[in-house]
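Hello,

Here is the model we talked about handing over. Please have a look, then read my notes below.

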Amino acid sequence: MSMLVLREVEKSYGLRSFWGQGARLSVLRELSLELRKNEILGLVGESGCGKSTLARLALALEKPDRGEFYFLGRPYWRLSRQERRRLRPALQAVFQDPAASLNPRKRVEDLVTEPLKLLGVPRQEAREQAVEMLSLVGLEKELLPRFPHQLSGGQRQRVALARALITRPRVVVLDEPTSALDVSVQAQILELLLELQRRFSMSYLFISHDLPVVLYLSQRVAVMYLGEIVEEAPREVFLAGGRLHPYTEALLAAVPGKERPRRPLWGEPPSLLRRPSGCVFHPRCPEARDPCKEERPKLREIAPGHRVACHRR
Amino acid sequence: MEGVPLLRVEGLCLGLAGGPFLLKSVSFHLQVGEILGLVGESGCGKSLTGLSCLGLFPPGVIPLEGRVLFRDQDLLSLSTEERRRFRGRHLALIFQEPLSALNPVFTIGYQIEEVLLEHRGLRGKAAREETLRLLAEVRLPDPEVRYRNYPHELSGGMRQRAMIAMALAGEPEVLVADEPTTALDVTVQAQILELFKELRARRHLAFLFISHDLSVIQEVADRVAVMYAGEIVEEASREALFEEPLHPYTRGLLAAFPRLGVRRLEALPGQVPSPGRWPVGCRFAPRCPERKERCVKEHPELREVNPGRKVRCFRR
Ligand SMILES: Nc1ncnc2c1ncn2[C@@H]1O[C@H](COP(=O)(O)OP(=O)(O)OP(=O)(O)O)[C@@H](O)[C@H]1O
Ligand code: SF4
Ligand code: SF4
Ligand SMILES: [Mg+2]
């Protein structure tokens with residue numbers, strides 16, 4: 001069963017007059033993604049590829065320009081306001097920087113109970129649930145009266161998690177949730193995420209630039225480049241050493257720690273403002289051929305569950 | 001590569017004026033053409049150690065004890081002006097955010113030429129030619145164009161290359177690189193790491209390479225020093241450190257680090273204590289799975305357990 005579906009969504013933003021009136025920056029192009037029940041789907045890509053735009057669409061914070069967004073099988077943006085409001089608590093978010101996403105003037109107790117109050121849960125009951133939630137994320141209830149700046153980075157991320165989970169969501173979108181944390185704290189949070197996901201049968205869309213972390217946590221992984229999904233496959237496929245999309249191969253080869261077998265990919269991702277014609281990856285692709293410059297490859301299934309957008313795979 | 005070390009830090013202690021210690025008895029050395037990796041979690045004192053090597057201290061931070069010897073010159077005994085001249089010529093710094101090293105109102109070419117004038121007396125055509133050569137050496141595409149660019153006109157990776165070119169302009173023998181690839185995308189990081197290896201081979205440059213990322217350290221370093229709470233807790237060759245880590249903190253870090261394809265991470269509980277809250281005994285004791293009574297009472301020394309292999313732990 002699908003928890004969340006983006007079908008051929010497009011998203012662009014208006015640019016200021018410098019580029020001429022009415023110019024638009026197209027960030028996501030015909031992008032499709034499906035998050036299944038009880039699944040952790042990883043989304044990996046480099047900076048500026050549109051990961052966070054995708055996160056905002058998946059969180060229903062923004063409406064796609066074109067295409068459909070289904071949440072729990074319902075066409076979200078075609079529902080009435082009231083129906084949408086009823087669905088919202090089932091969809092929650094955790095972001096990279098809890099210092100920025102937690103209101104600095106609110107105490108832990110208010111931060112964690114706020115989503116319940118919005119649902120009209122009485123104060124005492126909300127507080128009880130907050131205490132329970134805090135202990136689930138490994139925090140002591142002594143922290144309830146503290147402000148975010150009185151917490152460590154790891155504690156703040158646990159509070160953000162408690163706040164996201166207190167409404168018992170079906171889907172959580174996590175955008176770089178451990179990128180600001182130390183290695184040892186990151187491992188604690190990753191372990192906690194796995195445990196909670198199993199316990200509450202939730203689905204995660206886990207977004208990160210860190211391929212090893214994404215592969216550690218996720219059952220399936222989608223690779224994004226310049227606003228497009230270029231590859232999608234079960235975790236094992238990425239680790240099996242077989243042929244992958246040339247960009248995915250470059251990403252894997254760039255993971256540090258070993259002597260590199262071949263020269264790293266040359267150049268940097270071009271900006272979305274200068275999206276290449278044909279295959280978006282062709283200016284950096286070691287395998288590019290003439291047709292790659294003109295024809296945009298479609299995402300095709302080359303093995304069960306393994307989809308690639310490349311003319312040469 | 002043995003011989004008289006190029007750089008020696010001996011028993012360095014730093015503290016806040018009227019406040020706690022920030023670094024305690026930090027000692028290590030760097031040979032010609034060697035890459036020493038300095039690894040540890042946030043707040044362990046890596047950046048302070050790196051800055052000290054250049055005789056730099058943030059406001060309020062004072063050196064309390066110890067020496068920083070470049071060849072036989074103690075940097076800490078030099079005047080501020082002498083230190084400034086020493087830097088750039090013998091040692092240079094590269095850090096995470098090139099924008100703070102580059103001046104936004106001058107072109108890349110101009111800024112490199114300033115260094116060439118100050119440290120090598122080059123000006124005019126000679127300076128321009130050397131600048132273009134440096135930009136090509138760090139593999140900045142289209143050096144002629146980049147020469148005239150302002151920092152904001154370059155991408156993150158290109159800026160990092162420009163900062164490296166500027167650091168090389170004074171022909172230093174030691175580069176202190178503090179998280180030089182942390183802000184970059186992995187594919188760009190891979191290019192910059194290759195560039196460091198090339199520079200080391202071509203110029204026999206020595207690096208103090210600071211990173212919180214174990215896999216980056218594993219890729220570039222010949223030797224590794226691990227820091228925890230203001231001190232070095234282990235020092236070893238890269239092979240020894242990654243194949244047979246000795247200190248419980250090093251082991252914990254490695255087990256918590258998400259490598260490609262790893263099935264299970266072991267979370268190291270707790271977090272690094274901040275300065276002023278260091279435990280009296282072993283500073284890692286509250287988090288250590290091997291802790292014994294003695295560990296809580298006494299502070300272990302950094303001991304050489306094998307040639308070139310040091311560890312700060314009672315149980316090794
Ligand atoms: N100017 C300063 N004033 C007061 N404390 C400082 C100052 N600079 C550093 N510190 C403290 O000294 C300790 C070591 O800092 P340092 O920046 O060297 O850590 P680090 O290992 O480089 O951490 P990171 O991985 O976060 O860069 C930290 O606890 C820090 O808060
Ligand atoms: S379509 Fe062509 S350019 Fe694009 S990834 Fe495949 S081979 Fe490379
Ligand atoms: S000295 Fe004791 S507490 Fe410290 S690392 Fe060794 S075993 Fe652990
Ligand atoms: Mg630092």
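A charge sits over a ring if NZ of Lys or CZ of Arg is within 6 Å of the ring centre and within 35 degrees of the ring normal. In that sense R294(B) has its charged end over the ring of F314(B), 3.9 Å from the centre. R128(B) lies over the face of Y147(B), 4.8 Å from the ring centre.

Some ground rules. This is a predicted model, with local features needing pLDDT of at least 70 and side-chain atom pairs pLDDT 80 or more, while totals for chains, interfaces and linings use all residues. Residues are numbered from 1 along each chain as written, chains are lettered from A and ligands numbered from 1 in written order, and side-chain values use heavy atoms, without hydrogens and water.

Next, the aromatic pairs (Phe, Tyr and Trp rings, the six-membered one for Trp, with centres within 6.5 Å; planes under 30 degrees apart are stacked, over 60 edge-to-face, the rest tilted). Y225(A) and F281(A) pair edge-to-face, at 5.1 Å between centres and 85° between planes. Y225(A) is in a strand and F281(A) in a loop, so the pair ties together parts 56 residues apart in sequence. Y225(A) is buried (under 20% relative accessible area, with exposed over 50% and partly exposed in between; 1.4 Å probe, protein chains only), at 2%. F281(A) is buried too, at 1%.

In chain B, F196(B) and F207(B) also pair edge-to-face: 5.3 Å and 70°. Both are buried.

Last, ring pairs link F69(A), Y76(A) and W77(A) into a cluster.

Best wishes

Note on methods: Helix = DSSP H or I, 4+ residues; strand = E, 2+ residues; numbered from the N terminus.
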